[in-house]
Amino acid sequence: MLIWYRADLTHSIKLIKTGTFYIWLEIQKEIILTEKNVLLCATYIPPLESQYFNEDSFSILEGEINHFQAQGHVLVCGDLNARTGQEPDTLSTQGDKHLPGGDSIPSHICPPRHNYDNITNKNGSQLLQLCRTLGMYIVNGWLRGDSYGRYTYSSSLGSSTVDYFITDLNPESLRAFTVSPLTPLSDHSKITVYLNRAILNHEASKPKELSNIKKCYRWKECSLETYQKTIRQQQIQSLLDNFLGKTFHCNSEGVNLAVENLNSIFDLSASLSNLKISNRKPKKMNNNDKWFDEECKNLRKKLRNLSNQKHRDPENLSLHLHYGESLKQYRNTLRKKKEQHVRNQLNAIEESIDSNHFWENWKTLNKQQHEELSIQNGDIWVNHFSNLFGSITKNKEQKHIHDQIQILESTIKDYQNPLDTPITLNELQDKIKTLQPKKVCGVDGILNEMIKYTDNKFQLAILKLYNIILSSGIFPNIWNQGLITPIHKSGDKFDPNNYRGICVNSNLGKILCIIINSRLVHFLNENNVLSKCQIGFLPNYRTTDHVFTLHTLIDNQTNQNKGKVFSCFVDLKKAFDSIWHEGLLYKLMESGVGGKTYDIIKSMYTNNKCAVKIGKKHTHFFTQGRGVRQGCSLSPTLFNIYINELARALEKSAAPGLPLLESEVKCLLFADDLVLLSPTKEGLQQHLDLMHRFCQTWALTVNLSKTKIMVFQKRSSHQDHKYKFHLDTVALEHTKNDTYLGLNISTTGNFHKAVNDLRDKARRAFYAIKRNIHFNIPIRIWLKILESVIEPIALYGCEVWGPLTNQDFTKWDKHQIETLHAEFCKNILSVQRRTPNNACRAELGRYPLIIKIQKRAVKFNNHLKGSDSQTFHNKAITYREMNLEKSHKHKHTPKSPRTAAQLDPRKS
């Protein structure tokens, strides 16, 4: 192989590694202005029939890429003799929010890849697996210049696509990709990728007028004893007595004054406890200060002195030798200190495997440096989030609802007050116990620990404040202020649309919301307000309940009734951020919620303000005109109330649903995950029309590009798209598989693709962890990571798909999840791929994952049977058991004499 580049780039390109079939170069980020350096690999992998082919080529390449991904972006190019057909090279991110840690699985969102070559060979399958595992993607076939996926090889034997660029660069960094015409010199075409040179948005980089964020306290393990002693001091106890004896008016001024007084007591307690204020200035040394001790500093000082002397007397040979020895000693000392520090960290992690401190210690291994927000202009952020959360322009129906709210508030609101009973101390203490430590605080600066470790008198003061708020129906101003932290998802970092906002509010206000939410959920359940179709964020429900119900409905309709299931998987665009506040208030009263609880929620949403956090400062506060509050425990319940009418309207409609015992299922809802169901195409179209009218009235938007039609039937090979469905005037797209609540379901109802997707996502998560660790990890720690991080992803939903897979226990070792398990075991032990699987599991003391799958299936079966008899999943398990009994009876029914005679040739 030969790599050439222009002479003027010599100082920016460095050869870093060569191997049997690859060359690695490092390209400085300044040339192409990417965030990190780019590691370019030119490689050649021979075809399978070649004498030079090595079956470990792709495994070696995978290891190399995973190693270099920790140092920068990777771009691999060459003749891989891999034919990839039309199979996907990336993992779908749809449904990842339901997976444990799914949001942290790295992925790129690219348009669909096209390919003239429809064949997939063994090399191609391995290349696709490599891409899915390492978060890479194939550049061929979707960029400008090669949107059709042209052939890269052509000879008298035929044409194929075997030459590729694959990368983990942000797709925004790529400008074009071309496949040149063949020349007489080769039967391979030249392929070229063009990278964008990023243009810095200087306007976006200019900081505007920003306000300082109130400095918050930092809680340490040693803080508990001091803090509890402080709040028992006479000074704090006197302030609490004064607060408890003081009368506050039940109006806005009284509520805000009470909050201000209590906050000042918290501040004084923290100050007297000597809680450290978070140091908001970035440290000059990131992790070095933990092992760079006095010895290292003295050696560095000595080395600098020798360097200065050497510079003043360059002819002194002994000084040069002395400097060289000192430099060697300095480097060896640093290396030993760092190795010792890492060993101490690993020992601490290993000792804490069975304690709550494990993850705390694990995070110290690889602390990522905080990246400054690319957009420093506060006005850009304020405009972006103001537009996102801006009030709606009302149509005719919405104006009518606005008028109805005022009538309802004056007539029935004050008579619907079942949630207004005073909050009790037991209620408060139960919720305080659930507070999680090490959480971010709101603008008031009160940490969860400062609330959790208060004494009884302090809690009585908090209780008094909450009951003042409940009596007045007014939410305090400071609790209505939230700080939004923009988190980059993917794409251009100077485009605010590529960020999602995480809003942080007062921890003291959150506890009151938790108490109100508990009361509200109990009220909704007791009065059967919510439809049985909706189970999102409700106690004793899980995503697999609906997955099991859906699979039972499909199996019943397609296999038992020999029919079809017409379904539409609906994606509501930014559903939680689109909630119309006045519509939410109307829904609350319609659901029977009124009184002071209604007033508190109205105050919470009428006066809610947000500011965007930029570094250690924030923008001015702006009004949030729509959407539920982020991080508030009330938000999921309020969303369920808001969308409940859609499920109720579908239940009352004349359009047919799918039968389930004596019930009829027309939709399944898990928060905003909605699937519409009908046994007829006309019925599904009526469901779509009804949903369209609901969305128009209640200011919700359907994401048409992600909303798909699926027709379930026994044979997917007979799939055709003769059934046309539309939402308003837009035709909806058909698909043969779609992700529902984190699991990919095909039109036959099987979960084969779902299991493969989970395997690939678990593998990607494993390698993402591994690439960020640059030293050997003890096996016990790896096993903890495997059990706590990797297994939950790989086994997600196995309660449903586990019993449905092939139950041939003689071939259990060939199951996709078990082969993945064996792969991880070999990787942890650093043994060859050919090492027996049983030996690896035995060495690590690991049982096959199929045992865990079976255990979880049994527990899930008990959960289904023990649930409310009116729930769909309980009816689904009852229906399955009834069918099983019928099938057993049918098998044991003796045949009639006539039939037996016909089957016995001796009696013919």
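Mentor: Start with one residue. Tyr 116 is partly exposed, because its relative accessible area is 41%. Keep in mind that this is a predicted model.

Trainee: Where does Tyr 116 lie?

Mentor: Tyr 116 sits in the loop between β4 (73-79) and α3 (122-134).

Trainee: Which residues make the nonpolar surface patch?

Mentor: Tyr 116, Tyr 148 and Tyr 151 make the patch. The area is about 340 Å².

Trainee: Which residues gather in a patch of positive charge?

Mentor: On the surface, that patch brings together Lys 489, Arg 500, Lys 573, Lys 574 and Lys 706. Take Arg 500, which belongs to strand β15 (residues 499-504). Arg 500 has a relative accessible area of 39%, so Arg 500 is partly exposed.

Trainee: Now the cysteines. What is a disulfide?

Mentor: A disulfide is a covalent bond that joins the sulfur atoms of two cysteines. To call one here, the two sulfur atoms must be within 2.5 Å.

Trainee: How many disulfides does the count come to?

Mentor: The count is zero disulfides. Cys 250, for example, is in no disulfide. The nearest cysteine sulfur to Cys 250 is that of Cys 513, 19 Å away. Cys 250 is partly exposed, with a relative accessible area of 49%.

Trainee: Is Cys 825 buried or exposed?

Mentor: Cys 825 is buried, because its relative accessible area is 0%.

Definitions and conventions:
Residues numbered from 1 in each chain as written. Predicted model: local features only at pLDDT ≥ 70, side-chain atom pairs only at ≥ 80, totals over all residues. Heavy atoms only, no water. Patch = residues over 30% accessible without salt bridge, like charges linked within 9 Å, V, L, I, M, F, W, Y side chains within 5 Å. Areas by Shrake-Rupley, 256 points an atom, 1.4 Å probe, with all protein chains shown as cover. Salt bridge = Lys/Arg side-chain N within 4 Å of Asp/Glu carboxyl O. Helix = DSSP H or I, 4+ residues; strand = E, 2+ residues; numbered from the N terminus. Buried < 20%, exposed > 50% of the residue type's maximum accessible area, 1.4 Å probe, protein only. Lys, Arg positive; Asp, Glu negative; His and termini not counted. Charge placed at Lys NZ, Arg CZ, Asp CG, Glu CD.
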